[in-house]
Amino acid sequence: MSIHFPPLIAPSVLSADFSRMAEEVAAVERAGADWLHLDVMDGHFVPNLSFGAQLIKVLRPQSGLVFDVHLMMAPVDPYLEMFAQAGADHIHVHIEAGPHTHRTLQHIRALGVKPGVALCPATPAQAVEEVLDLVDVILVMTVNPGFGGQKFLTGQLDKIRTLRGMAEATGRDIRIGVDGGVDVRTAALATEAGADMLVAGTSVYGQPDYERAIAGLRGAARQAV
Ligand code: DX5
Ligand code: ZN
């Protein structure tokens, strides 16, 4: 399988107005989002807290979007079932979150959810080599996880390239997502390097016109290849 084009756009609700969350989710759905990215932070694996499964559960009946849940948590295993029941379509766990990512990914699949593995900037591509057969998405962090609105780390582009090669070598259909600091400029760089899913917090929810913002990211990616 090869890279999908154009890349999917997944707005991150971390940058949405939390006091109007259901409306904010509906707004990006109308504006052409492909997936909805939901960042769960535990104040331990990352130095910030966001929200948990309860928010995902109440949003689920209100949206037709694919719920792409990014768990920045350690430990993560005791909570997988909770997030599956809340309505996650995908669950990403960090390779750095514990010693048993292989088992964790198997567990996610057994719950009927698509598994993804996320890598922090300090983690080399090779760290996920032994779990590639178990994942549908690889999420490359292009910022240190924990906060929205950070600057894209261009040093991660080579890692995206390496992971694209590793994903192709499996012969399986694996998406490569990029998370952090994605805007029209960096969307083009990431797509060129082999990403086919772009998470965008500030560059969608921080803009006055979501439709224009999403179309802008897609257009930038289109020009890149
Ligand atoms: C960072 C989160 C990201 C964040 C991205 O820890 O995983 O998904 O929402 O926000 P922006 O697009 O503003 O960098
Ligand atoms: Zn994220």
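Reader: Leaving aside its neighbours within four places in sequence, which residues is D39 in contact with?
Author: Bear in mind that this is a predicted model. D39 sits in strand β2, residues 35-41. Skipping neighbours within four places in sequence, the residues in contact with D39 are S12, L14, S50, F51, H70, M72 and D179.

Reader: Is D39 buried or exposed?
Author: The relative accessible area of D39 is 4%. Buried means under 20%. Because 4% falls under that cut-off, D39 counts as buried.

Reader: What feature does UniProt place at D39 and D179?
Author: The entry is an unreviewed one, and it covers D39 and D179. They're spread over 141 residues of sequence but cluster in space, with a largest C-alpha distance of 10.5 Å. Both also belong to the lining of the largest pocket. The feature name in the UniProt record is "active site".

Reader: Which side chain makes a polar contact with the side chain of D179?
Author: D179 is in strand β7, residues 175-179, and is buried, with a relative accessible area of 7%. Not counting residues up to four places away in sequence, D179 touches H37, D39 and H70, among others. The polar contact between side chains, at 3.2 Å, is with H37.

Reader: Which residues are the closest to the centre of the largest pocket?
Author: That pocket holds about 350 Å³ of space. Its lining divides into eleven nonpolar, 14 polar and five charged residues. Of the 30 lining residues, the closest to the centre are G148, G149, Q150, G180 and G181.

Reader: Where does G148 lie, and is G148 buried or partly exposed?
Author: G148 is placed in the loop between β6 and α5. Leaving aside neighbours within four places in sequence, G148 is in contact with L14 and T202. With a relative accessible area of 45%, G148 is partly exposed.

Reader: What is the relative accessible area of G146?
Author: G146 lies in the loop between β6 (137-141) and α5 (157-170). G146 touches M41, V46, N48 and M72, not counting residues up to four places away in sequence. UniProt's unreviewed entry includes G146 in its "binding site" feature, and G146 is one of the residues of that set in the lining of the largest pocket. G146 is buried, and its relative accessible area is 2%.

Note on methods:
Residues numbered from 1 in each chain as written. Chains lettered and ligands numbered in written order. Predicted model: local features only at pLDDT ≥ 70, side-chain atom pairs only at ≥ 80, totals over all residues. Heavy atoms only, no water. UniProt positions renumbered as here; feature names shortened; annotations may be inferred. 1 Å grid on protein atoms, 1.4 Å probe; cavity = no way out; pocket = protein on both sides within 12 Å on 5 of 7 lines; lining within 4 Å. Helix = DSSP H or I, 4+ residues; strand = E, 2+ residues; numbered from the N terminus. Buried < 20%, exposed > 50% of the residue type's maximum accessible area, 1.4 Å probe, protein only. Contact = heavy atoms within 4.5 Å. Polar contact = N/O pair within 3.5 Å; in protein donor to acceptor, adjacent residues only side chain to side chain. Points joined across faces, edges and corners; volume = space filled by probe spheres on them. Nonpolar A, V, L, I, M, F, W, Y, C, P; charged D, E, K, R; others polar.
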